[in-house]
Amino acid sequence: MQQPAPPLAVIAAALRRERDRAGISLAELARRAGLAKSTLSQLESGAGNPSIETLWALGVALGVPFSRLVEPPPSPVRVVRAGSSPRVRAEGADFYGTLLTAGVPGTRRDVYVLELEPGARRDADPHIPGSVEHLIVSAGRIRTGPVDELVELGPGDYVTFPGDVPHSYEALEPGSWATLVMEHR
C-alpha cells in the first residue's frame, strides 16, 4: 500500500501539476497570487510553510479549489476492505449503510453479477477511454485489477480500478461471485 505523502510534498506536487495544467510560468502565478516568485519557488520545491491564505490565493489564481492543493490525488486503484468503512444504522430497521465510493454526476453505470470458478484467468482488453470498474466480492476469493497491480479480495472487499487498461479476473476458490459496476465517464 502507498503511504500518504507529507503535506509539503503534496502541496509542492499539486502546485507544479496545476501550474503546468494552467500553462503559466512561475513568475505569472506568483504575480496573479500576489506572492514573491521566490516564495512560490520554495513552495514548489517542498520548502516553506504556506499559510491557508497563501494556498487560497494560489487556488484562486489557478482556478482550482483549495482541496486540490492539499489533498494527494487519488490512486487509480483503491481497495476498501470489508469492515474498514464506517457503518450508518437506519432508524427503525436492522439495516446498515456503508458508502464505498461517491459517484460523479453525468456518468453511465452498468451493473453485473460475475460468477467465477478456479481455473483459467480471464484477461480483459481495455474498455472505452474513461471506463472505471468497481467490484464487490460476495463469496469466495478473487484476484483482479490491472495486470500490473492485481489484488486479492475476499467476501465484502471492494476494489476500483481503471477499466481502460488491460485487466483480469481469477477465482481463487470455487463458488466465487461478485457484483461489478462498470462506470463510463
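Hi everyone, let's start just after helix α4, where G63 takes a positive phi of about 75°. This is a predicted model, in which local features need pLDDT of at least 70, side-chain atom pairs count only at pLDDT 80 or more, and totals for chains, interfaces and linings use all residues. Residues are numbered from 1 along each chain as its sequence is written, and side-chain values use heavy atoms, with hydrogens and water left out.

Helices here are DSSP runs of H or I, at least four residues, numbered from the N terminus. Now, which residues of α4 are buried? In α4, residues 52-62, they are T54, L55, L58, G59, A61 and L62. They sit on the same side of α4, because they cover an arc of only 165° around the axis, taken from the directions from the axis to the C-beta atoms. Buried means under 20% relative accessible area, exposed over 50%, and partly exposed in between, with a 1.4 Å probe and protein chains only. On the other side, I52, E53 and V60 are exposed. The buried residues pack against α1 (7-22), α2 (26-33), α3 (37-44) and α5 (66-70), where contact means heavy atoms within 4.5 Å.

On to charges. A salt bridge is a side-chain nitrogen of Lys or Arg within 4 Å of a carboxyl oxygen of Asp or Glu, and the whole structure has 12 of them. In α2, E28 pairs with R31, 3 residues apart, at 2.6 Å between the closest N and O atoms. E28 also bridges to R32 at 2.8 Å, N to O. Finally, R17, E18, R21 and R68 are linked in a salt-bridge network.

Definitions and conventions:
Helices (H or I, at least four residues) and strands (E, at least two) are DSSP runs, numbered from the N terminus.
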